[in-house]
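The sequence and structure are shown first.

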Amino acid sequence: MAEIIVVTSGKGGVGKTTSSAAIATGLAQRGKKTVVIDFDVGLRNLDLIMGVERRVVFDIVNVISGEARLNQALIKDKRVDTLSILPASQTRDKDALTKEGVGKIIDELSKDHDFIVCDSPAGIEKGALLALYFADQAIIVTNPEVSSVRDSDRILGVLQSKSKRAEEKRDPVREHLLVTRYDPARVERGEMLKLEDIREILAIPLLGVIPESESVLKASNTGNPVIMDQESAAGQAYKDAVGRFLGDKIEHRFLEPAKKGLFSRLFGGRAA
Amino acid sequence: MSWLADLFKSRKPEPPTASNAKERLQIVLAHERIGRTREDFLPKLQMEIVAVVARYVAIDPGRVNVSLDRGGDMSTLAIEIDLPGPPATANRRAAAG
Ligand SMILES: Nc1ncnc2c1ncn2[C@@H]1O[C@H](COP(=O)(O)OP(=O)(O)OP(=O)(O)O)[C@@H](O)[C@H]1O
Ligand SMILES: [Mg+2]
């Protein structure tokens, strides 16, 4: 039986797809058989971030409608052999997803995977509801910014009332906070909500803090999940988060501004 | 010269805004968490109040204003109903029904 993990946020553009790709890759690198599913039907992007866009033949909607078998639609990652990707459809809309259809796919994937990572679309409409419905665990991606924190709180309410676990009155979905695009220098200047404030307000266990980092854009340019770039702070922070998810005790890093020398101050050194 | 000036110019001391963000979030979320389990009750409240008032006074349902100000320790709910002058009573009663 697989653990089903939803990566969700309510608000758009906070780093769900970046995080889904990194965490799924990280779990697979640790030897866990992992599949990552793109639920953003109509706005598929996970394929690009994972670098498999040229290998997409069938997608989740084709599987639900019976036009393709599940193993025809699954794309095996060429870098990590325990990882595969189930892309979303680019042409259909979210109504093409049904609870029964998604349920069947998840049941089938559950048989031979350790983790199923669901990359949720933004919002609290159908696509997002389906992405979280089957979840055992939820990673709440939050930026240090008022609207993102509010939407995270909102999506926590949805998890507690509309997930399958909630409906069946089983143990609740396990919640994890993942703060992304954290900029310690701006926090220090009082321009950005600090980690402690976000933790106090949302009051769920902290999985990790991913710093704002230029390497994320570089990674998406080349189609390599940023966790594969272990030179970068963001890549290291994602690796730590995956470790914690699997139960390792790892201290949080990248919470203080990087010490800048005079040289980098003069010539505009940037965070890696 | 200007790059030198930029380099050594002391940062204008702007008041930090992050603490505003925290305070505002705490207030709005305290309210949203209470309302979460129930449907938004304001539209219903407005309809019911208008119905009760209309039983006693002829009113124009379009001229009812409900506003809410959510504060940290006190919230105010203001309901403003325009009472029409006597001549229009008959018409308005029809409209309110
Ligand atoms: N730690 C980071 N540092 C810098 N940029 C980041 C970071 N995380 C994400 N981004 C950038 O933020 C943008 C949005 O990221 P992403 O697509 O992962 O968000 P999303 O939540 O999946 O968006 P959507 O709601 O549209 O699905 C991208 O341009 C990405 O490169
Ligand atoms: Mg996305």
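## Salt bridges between the chains

In this predicted model, B:Glu32 and A:Arg150 form a salt bridge whose closest N and O atoms are 2.5 Å apart. A salt bridge also links the side chains of A:Asp153 and B:Arg33, with an N to O distance of 2.6 Å. A:Asp153 belongs to helix α7 of chain A and B:Arg33 to helix α2 (residues 18–35) of chain B, so this pair joins two chains.

## Extent of the interface

Chain A contributes 17 residues to the contact and chain B contributes 14. The area buried between the two chains is about 1,400 Å². Carbon and sulfur atoms give 58% of that buried area.

## Packing of α7(A) with α10(A)

Helix α7 of chain A spans residues 146–162, and helix α10 of chain A spans residues 195–202. Their axes come within 10 Å and cross at roughly 30°. Because angles under 35 degrees count as roughly parallel, α7(A) and α10(A) are described as roughly parallel to each other. Their crossing is right-handed.

On the α7(A) side, the residues in contact are A:Val149, A:Ser152, A:Asp153 and A:Leu156. They meet A:Ile198, A:Ile201 and A:Leu202 of α10(A). By class, this contact has five nonpolar residues, one polar residue and one charged residue.

## Packing of α6(A) with α7(A)

Helix α6 of chain A, comprising residues 126–133, also packs with α7(A). The angle here is about 60°, and the axes are 10 Å apart. The two helices are therefore oblique to each other. As α6(A) passes α7(A), the crossing is right-handed.

From α6(A), the residues A:Leu129, A:Leu132 and A:Tyr133 take part in the contact. Their partners in α7(A) are A:Ile155, A:Val158, A:Leu159 and A:Lys162. The residues of this contact divide into six nonpolar, no polar and one charged.

## Summary of α7(A)

Helix α7(A) is roughly parallel to α10(A) and oblique to α6(A). Through A:Asp153, α7(A) is also joined to helix α2 of chain B.

Conventions: Residues numbered from 1 in each chain as written. Chains lettered and ligands numbered in written order. Predicted model: local features only at pLDDT ≥ 70, side-chain atom pairs only at ≥ 80, totals over all residues. Heavy atoms only, no water. Axes fitted to C-alpha atoms, helices over the stretch in contact; angles between N-to-C directions. Helix = DSSP H or I, 4+ residues; strand = E, 2+ residues; numbered from the N terminus. Parallel < 35°, antiparallel > 145°, perpendicular 65-115°, else oblique. Left-handed = near helix turned anticlockwise from the far one by under 90°. Contact = heavy atoms within 4.5 Å. Nonpolar A, V, L, I, M, F, W, Y, C, P; charged D, E, K, R; others polar. Buried area = accessible area lost by both parts, 1.4 Å probe. Salt bridge = Lys/Arg side-chain N within 4 Å of Asp/Glu carboxyl O.
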